[in-house]
Amino acid sequence: RPVLGVIAAGGIALTFDGELRDLMGLNWVEMAHANPIKVGFRNHASFDPDTFWKYPPDIVPQFHKVECQRQGWTEQSSVNDTGVKRLFRLQQFQENYTPIILEMGEGSCTNAFAANTWLKQVDSDKIITKSWNELTIIGAAAAN
């Protein structure tokens, strides 16, 4: 099973039989304590990019979305965002991760980002890769 980097590990932790990395740090002590100065929403401000890159997950699913976007996928993120939302705008993330659609059966799917190293090892018709050009990140131009 792939290692998932999730934004909230509550519900998925009950059903996923694999390793989860809570990117907000609520269920990951190293992430939570990586930076003692918190900026952003209370209890959501522990994301630390250095800790992320020390343990990069295979997939960062977007379970927070109401429904999967097969066409016209947008990801709301601005240059002023802190935490995980800013991650999607970083050049390093865009160079190492690919936007994907995970087909889940019965017509459902979820949007996600997959590590390129992981994608090279997987052969599945349930994983549809997209280019960053097909993904609209709402906000100003991507940050470096």
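E103 and R70 form a salt bridge, with their closest N and O atoms 2.5 Å apart; the term covers a side-chain nitrogen of Lys or Arg within 4 Å of a carboxyl oxygen of Asp or Glu. E103 sits in strand 5 and R70 in the loop between strand 3 and strand 4 (74-76), so this pair ties together parts that are 33 residues apart in sequence. Strands here are DSSP runs of E with at least two residues, helices are runs of H or I with at least four, and both are numbered from the N terminus. E103 is partly exposed at 24% relative accessibility, and R70 is partly exposed too, at 31%. For the cut-offs, buried means under 20% relative accessible area, exposed means over 50%, and partly exposed is in between, using a 1.4 Å probe and protein chains only.

Before going on, keep in mind that this is a predicted model, where local features need pLDDT of at least 70 and side-chain atom pairs count only at pLDDT 80 or more, while totals for chains, interfaces and linings use all residues. Residues are numbered from 1 along each chain as its sequence is written, and side-chain values use heavy atoms, with hydrogens and water left out.

C68 lies in the loop between strand 3 and strand 4 and C109 in strand 6, so the pair ties together parts that are 41 residues apart in sequence. The link of C68 and C109 is left-handed, with -105° about the S-S bond. C68 is buried at 16% relative accessible area, and C109 is buried at 13%.

Back to charges: the structure holds four salt bridges. One of them pairs R21 with E19 at 3.0 Å, N to O. R21 is buried, with a relative accessible area of 13%, whereas E19 is partly exposed at 42%. Another brings together E134 and K130 at 3.6 Å, N to O. Here the lysine, K130, is buried at 18%, and E134 is partly exposed at 43%.

Now for a charged residue without a partner. D58 is buried yet has no salt bridge, and the nearest side chain of opposite charge, R21, is 6.7 Å away (Lys and Arg count as positive, Asp and Glu as negative, with His and the chain ends not counted). What does the side chain of D58 reach? It gets to the backbone nitrogen of V3, at 2.8 Å. D58 is found in the loop between helix 3 (49-54) and strand 3 (59-61). Beyond its neighbours within four places in sequence, D58 is in contact (heavy atoms within 4.5 Å) with P2, V3, Y97, F113, A114, A115 and W118.

Of its 30 residues, L23, F52, V60, F93 and F113 touch the most other members. Strand 1 (4-6), strand 3, helix 4 (84-87), strand 5 (97-105), strand 6 (108-115) and helix 6 (116-119) each supply at least two residues of this core. Strand 6 gives the most, with four residues.

Technical notes:
A polar contact is a pair of N or O atoms within 3.5 Å; within protein, one must be able to donate a hydrogen and the other to accept it, and residues adjacent in sequence count only if both atoms are side-chain atoms. A nonpolar core is a set of buried Ala, Val, Leu, Ile, Met, Phe, Trp, Tyr and Cys residues joined through side-chain atoms within 4.5 Å. A disulfide is a pair of cysteine sulfur atoms within 2.5 Å.
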